[in-house]
Amino acid sequence: MNLFVINLDRRPDRLSQIRNTLAGHKWSKIPAYDGKGKTFNDFVRDGFTPDMDWRDPLLKRSLTPTEIACFISHYKCWRHLADSNNEGIIILEDDVTLEKPLDTEKISQLLKLFDIVYLGYREMDEARELNKELVIPSYPYLASSYAITREAARKLLCTAITNNVIPVDEYLPIMIGYDKSSSISIEKHINIHKDADKLSAIAFKDPYFTQLSRSVMGSDIEREAPLMKYDVKVITVATDESKMETLQTSADKFGI
């Protein structure tokens, strides 16, 4: 089974980390889409319109450029698979570490029964136990390591998602049938949502991969200001520049 790793060209440190993690395994790099410095219009020009109505279920903030870039990077992997002769592949982000020997034969067999096999994830609701080794995820977060079939990739591509981009951690749960992940309209992202369109997913209780903490590998997501749909300029009147410090600081914080 082919392994594909999402990695930014400007993060050779992460590439080195995943190379050590996957020592002994054959894998290929998928260049990640770089969201650094991107504006709303930049994403639109590249064919991806962010959903500015979406809010993080916990933090209540809107999308950040890195979240959109992460989605686009996974989208590139799905497109690659959909256009290939592969029946299924494993997709990894470059900040995961292998916890036990990777049984690609077992994963391949599971892909004959399920559309997506989570090799590591965090459950945000309540999973249903299938057996001693596997669970049916309900609201799976962290799309950092999963196997996926070609047919599932094609289904993920054939929706209205590029017109309303949300985080990949929210899109995949919607596509497996979870509709309580956030206050968004499912129909906004999926042209016609029928039971037949839903993807089936399975996950390992004992994960193959875990995601390294942000304190180890760093992350741009929560250090960024949320994406702004329009460039905002604030105009004020003042005679004492020192009194502008609070306004200037808050404007900088929110990318204004």
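I searched the whole structure for aromatic pairs and got 12. I looked at Phe71 and Trp78 to begin with: their rings make an edge-to-face pair, with 5.8 Å from centre to centre and 80° between the planes. A reminder to myself that this is a predicted model, so every value here is computed.

Are Phe71 and Trp78 buried or exposed? Phe71 has a relative accessibility of 0%, so I put it down as buried. Trp78 also comes out buried, at a relative accessible area of 0%.

Next I took Tyr118 and Tyr146. Their pair is tilted, with the centres 6.4 Å apart and 45° between the planes. Why note where the two sit in the chain? Tyr118 belongs to strand E5 (residues 116–118) and Tyr146 to strand E10, so this pair ties together parts that are 28 residues apart in sequence. I checked burial here too, and both Tyr118 and Tyr146 are buried.

**Trp78 in its setting**

I went back to Trp78 and found it in helix H3. What does Trp78 touch, once neighbours within four places in sequence are set aside? My list has Phe71, Ile91, Tyr146, Ile148, Ala153, Leu156, Leu157, Val168, Tyr171 and Leu172. Tyr146, from the tilted pair with Tyr118, is therefore among the contacts of Trp78 as well. I also looked up Arg154, which is 76 residues from Trp78 along the chain; the two C-alpha atoms are separated by 7.2 Å.

**Ser62**

I found Ser62 in the loop between helix H2 (40–45) and helix H3 (65–82). Its relative accessible area is 13%, and buried means under 20%, so Ser62 counts as buried. Leaving out neighbours within four places in sequence, I listed its contacts as Trp54, Arg55, Glu67, Pro226 and Leu227.

**Leu142**

I stopped at Leu142 for its backbone: phi is positive, about 75°, although this residue is not a glycine. Most residues other than glycine have a negative phi. Where does Leu142 sit? I placed it in the loop between strand E9 (140–141) and strand E10 (145–149). Strand E10 is also where I had found Tyr146.

**The second largest pocket**

How much volume does the second largest pocket have? I noted about 170 Å³. Its lining is made up of Met1, Asn2, Asn86, Glu87, Gly88, Ser108, Leu111, Lys112 and Thr149. I sorted these lining residues by type and got 2 nonpolar, 5 polar and 2 charged.

**Whole protein, for the record**

I counted 9 helices and 12 strands in the protein. Of its 256 residues, 48% are buried. I took the contacts between residues at least 6 apart in sequence and found that 74% of them join residues at least 24 apart.

Technical notes. Residues are numbered from 1 along each chain as its sequence is written. This is a predicted model: local features need pLDDT of at least 70, side-chain atom pairs count only at pLDDT 80 or more; totals for chains, interfaces and linings use all residues. Side-chain values use heavy atoms; hydrogens and water are left out. Helices (H or I, at least four residues) and strands (E, at least two) are DSSP runs, numbered from the N terminus. Buried means under 20% relative accessible area, exposed over 50%, partly exposed in between (1.4 Å probe, protein chains only). Contact means heavy atoms within 4.5 Å. On a 1 Å grid over the protein atoms alone, a cavity is a set of points where a 1.4 Å probe fits but cannot get out, and a pocket is an open set with protein on both sides within 12 Å along at least five of seven lines; lining residues have an atom within 4 Å of a point. Grid points are joined across faces, edges and corners, and a volume is the space filled by probe spheres set on the points. Ala, Val, Leu, Ile, Met, Phe, Trp, Tyr, Cys and Pro count as nonpolar, Asp, Glu, Lys and Arg as charged, and the others, Gly among them, as polar. Rings of Phe, Tyr and Trp (its six-membered ring) pair if their centres lie within 6.5 Å; planes under 30 degrees apart count as stacked, over 60 as edge-to-face and the rest as tilted.
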